[in-house]
Amino acid sequence: MPLVHDKEDPKCNLLDLIFIDIDSRETRQKLSRNGIKPANTAVNAIKIRVISMFYRINIKYVVNEINKKEELRNNFKFNSTLDYNQLSEIFSRFDELQILEFTLKTIK
């Protein structure tokens, strides 16, 4: 099943709201202060992990779909294609609960 960003889907609307906070300068500063660098790659990794959790699909599939479809990159606010190896390095530092906890604290 393809990954689709549908404005009518409540999940997409919630993701858009979450991503506004995750994409903020404040979040990037928090990541940098906590030694998570580069912050831009970490933000992309968090967004990929959240998409994967929301849609219950494999992370590698999410990365492939976003890399294939410019529309998805624009809708989910990714500036460029993603390097799975870079994201994997970030993923290896954290488990899903840590990402979820950080995300919930960020969006308060």
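Author: Let's start with Gln29, which sits in helix H2; helices here are DSSP runs (H or I, at least four residues), numbered from the N terminus. This is a predicted model, where local features need pLDDT of at least 70, side-chain atom pairs count only at pLDDT 80 or more, and totals for chains, interfaces and linings use all residues. Residues are numbered from 1 along each chain as its sequence is written, and side-chain values use heavy atoms, leaving out hydrogens and water.

Reader: How should I read a nonpolar core?

Author: In soluble globular proteins, nonpolar side chains tend to be buried together. A nonpolar core is a set of buried Ala, Val, Leu, Ile, Met, Phe, Trp, Tyr and Cys residues joined through side-chain atoms within 4.5 Å.

Reader: How many residues has the largest nonpolar core here?

Author: The largest one has 29 residues, and those with the most contacts inside it include Phe19, Ile48 and Ile51. Helices H1 (10-22), H3, H4 (59-68) and H6 (84-91) each give two or more residues to this core, and H3 provides the largest share, nine residues.

Reader: Which residues does Ile51 touch?

Author: Contact means heavy atoms within 4.5 Å. Leaving aside residues up to four places away in sequence, Ile51 touches Leu3, Leu15, Phe19, Val62, Ile66, Phe76 and Phe78.

Terms used:
Buried means under 20% relative accessible area, exposed over 50%, partly exposed in between (1.4 Å probe, protein chains only).
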